[in-house]
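This briefing is intended for a reader who has the coordinates at hand.

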Amino acid sequence: MEIIQTGKGKLIQPPDINAFREWNRRKSKVLTDKRMSEAEAVTRFIKDGDYIGTELYGSVRAPMSLVSEIVRQGIKDLRVAGQGVLELDLLLAASLIKELDFTYIGLELYGVSNCLRREVESGRIKTIVEWSNAALTWRFKATSIGVPFIPTRSMLGTDTFNYSAALVVEDPFTGDPVCLVPALILDVGLIHVHRADQYGNAQIDGISGFSAELARSSKRLLISAEEIVDSEVIRQAPDRTIIPYYLVDAVVEAPFGSHPGEMCYQYRRDEPRIREWVEAAKDPQTTRAYLDQYIYGVKNHQEYLSLVGAERLENLKFGAAT
Amino acid sequence: MKDDHQPEYKPAELLVCTASRLMDDNSTAFIGTGIPMLAASLAQRMHAPNLVTVFEFGGTGAILEELPLAVGGQSTFNRAIAATGICDVMETAQRGFIEYGFLGGAQIDPYGNLNSTVIGDFNQPKVRLPGSGGGNDVGSHCWQTIAIMRHDKRRFVEQLDFVTTPGYLNGPGAREAAGLPPGTGPYRVVSNLAVLGYHPQTKRMMLIATQPGISINQVVENTGFELVIPERVESNPPPSAEELQILREEVDRDHLYI
């Protein structure tokens with residue numbers, strides 16, 4: 001197969017599909033209780049320099065309690081699959097990211113991320129490799145289906161390709177140019193779900209984002225759930241299970257785990273709190289003050305929820321009198 | 001409907017109404033954050049009740065009763081026909097099922113290429129922008145893309161600092177040569193000064209209509225490259241009283257965007 005063009009970006013996490021198969025073979029299939037706190041999950045399963053990814057994103061079903069714990073523990077030099085909003089902003093705010101496979105980090109309707117700007121424009125983040133959102137997700141898909149790369153028609157002809165680690169090759173069947181994106185295997189994946197049992201069988205309501213693909217691309221997978229349910233609840237509706245237990249290493253009970261983001265059918269975004277972050281993030285000092293107040297200043301997610309306040313949280317629920 | 005005394009409107013309202021009119025009933029449209037969401041909601045209430053909105057993270061065919069604040073938010077699959085995931089949506093686009101794609105960016109060039117990655121040098125950027133996200137995919141796979149832009153010389157530039165999303169690349173035939181799907185590409189640009197298209201042969205940006213009260217000269221002066229000016233340039237009708245009322249009282253009733 002002739003290589004027509006090579007993206008000049010670094011392949012931050014070269015995939016080894018055979019090693020991943022071996023890893024998956026060794027992964028325990030025993031039904032064990034994997035419930036633990038955020039602190040224990042992060043301490044046991046994430047270390048400095050790991051390559052991590054989060055799902056869904058920032059303001060929607062995001063694993064905010066787990067990410068806050070990473071910040072609290074100061075796990076650093078992280079390499080990150082860069083698709084996010086508030087959750088990746090927190091890691092950037094605390095200068096914990098070293099390398100980024102990048103597709104989108106911004107604040108959606110509130111515009112550019114000032115934390116991203118400071119980290120990149122100062123040169124603190126040394127490596128940024130560009131991808132389209134589909135390309136990055138299809139990299140997870142390649143891992144999910146157990147192949148070393150996947151062909152796509154995204155990124156062709158652009159600088160997004162030029163600054164990626166993809167290849168353009170001649171399609172061996174037709175001779176047309178096609179873009180190949182390499183499988184992406186995460187050291188650690190973090191996903192927030194609606195419900196899970198103690199073993200890690202996890203269900204998501206509403207859109208499923210890229211949870212199925214990210215879960216299947218993670219060597220270690222940390223699940224936070226709004227609710228821990230009896231296994232029988234899962235077995236009564238197995239069609240809703242997106243993540244089977246054997247993919248999962250830790251199950252963390254985290255009600256309002258996506259706050260200040262939303263959780264569909266359960267609670268809305270906390271818009272004033274999101275705006276508070278948008279404002280705080282404009283300046284390094286106020287950014288630090290926000291982290292001091294909402295992350296370093298609390299011991300865990302339960303204390304964070306107390307700080308936010310039960311009444312405020314209650315009012316975010318669908319059906320609450322507002 | 002012609003208004004005798006023209007209602008006042010904000011520039012953002014003009015963009016929403018203009019973009020909304022480009023959304024056909026019974027068509028599929030890839031919708032991003034901001035103006036496209038408002039435009040889609042307005043279109044569904046005006047002329048396109050069966051506009052199939054497609055959102056990046058899996059919402060397909062939502063009825064936009066509440067304005068989404070995020071492309072993965074619950075409103076993006078409100079009373080929808082399907083709530084799947086990003087792979088399903090992107091794969092649907094890649095196999096040719098999505099007619100329109102709505103895009104934005106910090107810069108656009110004469111061939112409709114867009115930059116949303118960096119201002120300045122990639123390795124030492126003056127401004128690091130939020131990146132492609134799904135932009136590159138929308139520009140690669142949707143049949144016709146529509147860019148929504150504020151119009152000035154810093155945004156309409158001859159040369160982009162970074163080509164995030166493909167337009168016609170460097171001219172006729174370039175998309176196909178790069179391997180992008182034949183028959184796809186930029187269709188319109190909606191700005192606060194004009195509606196623009198592309199010359200069928202040269203694929204360079206061409207003025208189609210000026211916005212109300214804007215002269216051809218003003219469009220030319222605010223564009224950083226040579227525009228194709230056809231013999232006949234239309235004048236875009238202003239937002240109607242009905243459009244403005246629906247936009248203000250229903251679409252963005254909580255004034256989240258405007």
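A residue is buried if 20 or more other C-beta atoms lie within 10 Å of its own, with the C-beta atoms placed from the backbone. B:V138 has 29 C-beta neighbours inside 10 Å and therefore counts as buried. The model is predicted, and the predictor gives the complex an ipTM of 0.97 and a pTM of 0.97. For chain B, the mean pLDDT is 96, and 98% of its residues reach 70 or more.

**Surroundings of B:V138**

- B:V138 belongs to helix α4 of chain B.
- Leaving aside neighbours within four places in sequence, the contacts of B:V138 are B:F30, B:G101, B:L103 and B:T145.
- B:I31 lies 107 residues away from B:V138 along the chain, yet the C-alpha atoms of the two are separated by 9.4 Å.

- Strand β1 (residues 28-30) of chain B pairs with β5(B) in the parallel sense over 2 bridges, and B:F30 has B:G101 as its bridge partner in β5(B).
- β5(B) also pairs with strand β10 (residues 144-149) of chain B, again in the parallel sense, over 4 bridges; here B:Q144 in β10(B) stands opposite B:Y100.

**Hairpins and a crossover in chain B**

- Strand β8 (residues 118-120) of chain B runs antiparallel to β9(B), and 3 bridges join the two.
- Strands β12 (residues 194-198) and β13 (residues 205-210) of chain B pair in the antiparallel sense over 5 bridges, with B:A194 opposite B:T210 in β13(B).
- The hairpin formed by β12(B) and β13(B) has 6 residues between the strands, and B:K203 in the turn has a positive phi of about 60°.
- β13(B) pairs in the parallel sense with strand β14 (residues 234-235) of chain B over 2 bridges, and B:A209 stands opposite B:E234 in β14(B).
- From β13(B) the chain passes through helix α6 (residues 216-221) of chain B to β14(B), and this β-α-β crossover is right-handed.

**Contact between the chains**

- Chain B contributes 47 residues to the contact and chain A contributes 46 residues.
- On the side of chain B that touches chain A, at least two residues each come from α3 (86-94), β9 (125-128), α4 (135-141) and α5 (174-178) of chain B.
- The residues on that side of chain B divide into 22 nonpolar, 21 polar and 4 charged.

**Overall form of chain A**

- Chain A contains 13 helices and 13 strands.
- The radius of gyration of chain A is 20 Å, close to the 20 Å that the globule rule gives for 322 residues, so chain A is as compact as a globular protein of that length.
- The C-alpha trace of chain A spans about 60 × 50 × 35 Å along its principal axes.
- Of the 322 residues of chain A, 54% count as buried.
- Among contacts in chain A between residues at least 6 apart in sequence, 76% join residues at least 24 apart.

Terms used:
Residues numbered from 1 in each chain as written. Chains lettered and ligands numbered in written order. Predicted model: local features only at pLDDT ≥ 70, side-chain atom pairs only at ≥ 80, totals over all residues. Pairing = 2+ DSSP bridges. Right-handed = clockwise from strand over helix to strand, strands pointing away. Contact = placed C-beta atoms within 7 Å. Nonpolar A, V, L, I, M, F, W, Y, C, P; charged D, E, K, R; others polar. Rg over C-alpha atoms; globule rule 2.2 N^0.38 Å. Buried ≥ 20, exposed ≤ 12 C-beta atoms within 10 Å, placed from the backbone. pLDDT = per-residue confidence, 0-100.
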